[in-house]
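Dear colleague,

Please find the structure below, handed over for your records. My notes on what was found in it follow directly after.

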Amino acid sequence: MGSLNGQVAFITGAARGQGRSHAVRLAAEGADIIGVDICADISSTGYPMGSAEELDETVALVEAEGGKMLASIADVRDYPALKAVLDAGVEHFGRLDIVCVNAGIATMAFRELTDDEDLQLWTDVLDVNLVGAFHTAKAAIGHLIAGNRGGSIVFTSSTAGLIGFGGMQGGGLGYAASKHGIVGLMRTLANALAPHSIRVNSVHPTGVNTMMAVNPAMTEFLENYPGGGPHLQNPLPVQLLEPEDISAAIAYLVSDAGKYVTGVTLPVDAGFCNKL
C-alpha cells in the first residue's frame, strides 16, 4: 500500500525533468496522474521544451510503477485549454487530490539585448511561471473543494524565489520576480483554502539536473554573471540536485506525513540560501 493509494495528482510540465520525476514518484506511492505539457518550444528560452514523445515516455514510466496517466498537450498560459484538460482528467478518474504546479521556464541571457528582446524575455517568463501557476491553481481549486476530502497544492518556486538573483536583464529579473510571486500566491491560497483542509506549500530547489539548468544559454549566463563563482555554489558538496531529490520533498508535502504543513516555503537547496 502506497502513501497515496487511490489519489489523483495533476502535474504541469510533465514531459520531462522535475515534472516527470514527480509523476513517477507519486505513481510509485499509488497515485494516478493527470499530466500536461506544452510540447512546443518557446523561442526566448534558448533551449527546447519537452516533446510529445517525451510526454509519452512519462506515461510509460508511470505505468511501469503500476499507475495510470492521462497525458495531454496544453499551454499553462492558455487557461481555457488547461482547464479543459484538467476537467477531462477529473471526469476520467473521478477525483482530484494533489496539484503539482511545476511548469516553468528560465529566459536568462548575457548578450546585449534590444528593448523589445528584453521585454519579451520578461513577458514570457512571467506568463509561464506566474500567470501559468495562477491558471493551474484556479483550474484545480474547484475540484479540490468539491471533493470534500482536503487536498494539497505544491508550487515549484526556486532559490530565486527567496533571494535576489538574475542581474539587470528582463529574463533574470522576470525569473526572480515570478518565483517570488509564487510565494505570495502560495501564502494567500494557504490561508484561503485552510478551512477546506487544502494545504498549499512551495518548494525551492537549488540547481537541478534538467534541461532548464543544463543548456548552453544557462551555462553562458552563469559563466558571465557579474560576481559569478562561489556565491553560485552549494555549501553541501553537490553541484546539481537530481529531479528525484525534489520529488522526495513533494511526496512528503502531499502525503499524510505532511498533513499539518501548510504555507511553508521549503528549500531543497543543499544549503544555498542559508549561506547568503
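Two strands are said to pair if DSSP finds at least two bridges between them; helices (H or I, at least four residues) and strands (E, at least two) are DSSP runs, numbered from the N terminus. This is a predicted model, in which local features need pLDDT of at least 70 and side-chain atom pairs count only at pLDDT 80 or more, while totals for chains, interfaces and linings use all residues. Residues are numbered from 1 along each chain as its sequence is written, and side-chain values use heavy atoms, with hydrogens and water left out.

The sheet. Strand E4 (residues 98-101) and strand E5 (residues 151-156) run parallel and are joined by four bridges. Within this pairing, Cys100 has Val154 of E5 as its bridge partner. Both strands belong to an open sheet of seven strands with parallel pairing, in the order E3-E2-E1-E4-E5-E6-E7. Strand E3 (69-73) and strand E7 (265-268) are the edge strands, each pairing on one side only.

Helix H1 and Arg20. Helix H1 (residues 17-28) contains Arg20. Arg20 counts as buried because its relative accessibility is 18% (buried means under 20% relative accessible area, exposed over 50%, partly exposed in between, with a 1.4 Å probe and protein chains only). Leaving aside neighbours within four places in sequence, Arg20 is in contact (heavy atoms within 4.5 Å) with Gly13, Ala14, Ala15, Glu54, Glu57, Thr58 and Leu61.

Yours sincerely
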